[in-house]
Amino acid sequence: MITVDTVLLKLASRCNLDCGYCYVYHMGDDAWRTQPKRMSPAVLEAVAARLGELGAAQGRGFSVVLHGGEPLLVGTVRFAEICRTLRRTLPPSCALHLQTNGVLLSDGILATCAACDVGVSISVDGPAAIHDRHRTDHRGGPSHGRVMAGIERLLAHPAGPSLFTGVLAVVDLASDPADVYAFLKATGAPSIDFLYRDGNNDVLPVGKASLVSAEYGEWMGRLLDVYLADPKPTRVRVLDDMLKLLLGGEARKEGVGLNEYGIIVIDTDGSVNKNDTLKSAFGAADRFATGWSVLTHDLRAVVRSPEFVAYHHSQRPAAPACLGCRDLTVCGAGMPAHRWSRENGFANPSVFCADQRYLIDQMRRHLARHKLAA
Ligand code: SF4
């Protein structure tokens with residue numbers, strides 16, 4: 001049986017922000033419109049029971065990420081009920097995480113996070129001038145002030161420093177990576193992670209001039225220089241993962257390296273879906289043909305099914321260029337969503353191929369300078 005590492009639980013299908021680059025609402029997949037706005041108590045009970053069975057069967061815990069849309073749209077009382085239900089039903093080895101835009105992070109929510117041991121990761125792209133370019137509310141207004149107030153509230157809570165797992169930023173090529181890193185470090189987050197703007201071999205990510213240009217790689221390369229020169233760095237997850245892979249170690253998260261991750265997404269209606277980042281490739285790319293739901297299906301049977309196994313194995317690089325690439329063990333051919341083209345499906349190099357090569361070369365140079373083999 002495939003081991004599930006991560007379950008994304010969509011507590012809410014809508015968001016209180018309207019970030020221009022969001023793959024859920026602005027990349028051609030409109031499935032959110034037909035989803036219940038919030039996960040109902042009946043669906044949540046079924047989710048908890050199914051995940052409890054799955055956790056017991058695989059004998060190993062997984063991370064349950066409370067996700068959306070914006071998961072905190074369920075409200076303080078319901079959020080507490082959800083976390084208590086999950087904690088009561090899931091094996092103790094399962095971790096609970098909240099991925100939030102931070103705007104609705106109240107003392108009541110934090111009390112639940114502390115009581116139920118829910119780690120908190122907050123999406124913030126950098127200083128206000130960078131963050132508010134894309135992370136706006138539904139009237140086009142800025143959100144940075146409210147996000148930072150959420151982070152302050154989190155850190156002011158007695159359990160805050162231990163609950164705060166990190167910040168997640170989307171790269172804006174117009175920004176200076178040194179400014180972004182300094183700002184995100186100053187938030188007090190224990191870890192920083194970066195995502196690229198979504199795109200694929202047919203639709204280039206914003207800022208990329210062509211498949212052979214390396215704008216994102218150059219931005220990350222400048223970030224790498226700043227990071228490695230910092231005597232007291234805050235961990236940058238994606239850089240650490242790539243450096244570890246270059247040195248023969250393992251990555252911790254999807255997107256780099258050749259580890260395969262067992263990822264399930266459960267929507268507000270209880271439907272069981274693939275990694276939701278696939279939505280950025282084409283409409284309904286994240287849907288299984290079988291149409292599983294926690295209301296009617298046992299997750300142990302789902303993960304054993306040929307369709308789920310095929311989805312799991314679709315993470316494996318398939319393009320001939322990747323299979324012969326010297327950087328494959330570090331790059332891993334990138335996220336499946338970023339490999340897409342209408343002509344070849346997912347059997348392409350990542351749209352960020354040139355970026356990954358550029359960045360990996362720069363890492364090799366840094367490691368060589370420090371006489372570390374790579
Ligand atoms: S996407 Fe490019 S860098 Fe990555 S493995 Fe494939 S060919 Fe190599």
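Buried means under 20% relative accessible area, exposed over 50%, and partly exposed in between, with a 1.4 Å probe and protein chains only. By that definition four of the five residues of strand β2 are buried, so β2 is largely enclosed by the rest of the structure. This is a predicted model, in which local features need pLDDT of at least 70, side-chain atom pairs count only at pLDDT 80 or more, and totals for chains, interfaces and linings use all residues. Residues are numbered from 1 along each chain as its sequence is written, and side-chain values use heavy atoms, with hydrogens and water left out. Helices (H or I, at least four residues) and strands (E, at least two) are DSSP runs, numbered from the N terminus.

**Sheet**

- Nine strands make up an open sheet, in the order β7-β6-β5-β4-β3-β2-β1-β8-β9, with mixed pairing; two strands pair if DSSP finds at least two bridges between them.
- The edges are formed by β7 and β9 (272-273), each of which pairs on one side only.
- Helix α5 (residues 144-156) packs on the sheet and touches β4 and β5, and its direction makes about 155° with that of β4. Contact here means heavy atoms within 4.5 Å. Axes are lines fitted to C-alpha atoms, for helices over the stretch in contact, and angles run from 0 to 180 degrees between N-to-C directions.

- Strand β1 (residues 6-10) runs parallel to β2, and five bridges join them. Leucine 8 has valine 65 in β2 as its bridge partner.
- Strands β2 (residues 63-67) and β3 (residues 95-100) are parallel and joined by four bridges. Serine 63 is bridged to alanine 95 in β3, and leucine 66 stands opposite leucine 98 in β3.
- A right-handed β-α-β unit is made by β2, helix α2 (residues 76-89) and β3. A crossover is right-handed if, with the strands pointing away from the viewer, the path from the first strand over the helix to the second runs clockwise.
- Between β3 and strand β4 (residues 118-123), which run parallel, there are five bridges. In β4, glycine 119 is the bridge partner of histidine 97, and valine 120 is that of leucine 98.

- Strand β6 (residues 191-195) has four of its five residues buried, so it is largely enclosed by the rest of the structure.
- From β5 the chain crosses through helix α7 (residues 177-186) to β6, in a right-handed β-α-β crossover.
- Four bridges link strand β5 (residues 164-170) with β6, and the two run parallel. Valine 170 stands opposite leucine 195 in β6.
- Strand β7 (residues 235-236) is parallel to β6 and joined to it by two bridges. Serine 191 stands opposite arginine 235 in β7.

**Ligand surroundings**

- Around the ligand are Ala321, Cys322, Cys325, Leu328, Cys331, Ala333, Pro349, Ser350, Cys353 and Arg357. A residue is near a molecule or strand if one of its heavy atoms lies within 4 Å of it.
- Two or more residues of this shell come from each of α12 (320-323), α13 (328-331) and α14 (353-369).
- The shell divides into eight nonpolar residues, one polar and one charged. Ala, Val, Leu, Ile, Met, Phe, Trp, Tyr, Cys and Pro count as nonpolar, Asp, Glu, Lys and Arg as charged, and the others, Gly among them, as polar.

**Loop residues and backbone geometry**

- The peptide bond from glycine 68 to glycine 69 is cis, with omega near 20°. Glycine 69 belongs to the loop between β2 and α2.
- Aspartate 117, in the loop between α3 and β4, has a positive phi of about 55° although it is not a glycine. Aspartate 117 counts as exposed because its relative accessible area is 51%.
- Alanine 284 also lies in a loop, the one between β9 and α10. Alanine 284 is not a glycine, yet its phi is positive, at about 65°, and with a relative accessible area of 42% this residue is partly exposed.
- Threonine 296 is found in the loop between β9 and α10 (299-304), and is exposed at 57% relative accessibility.
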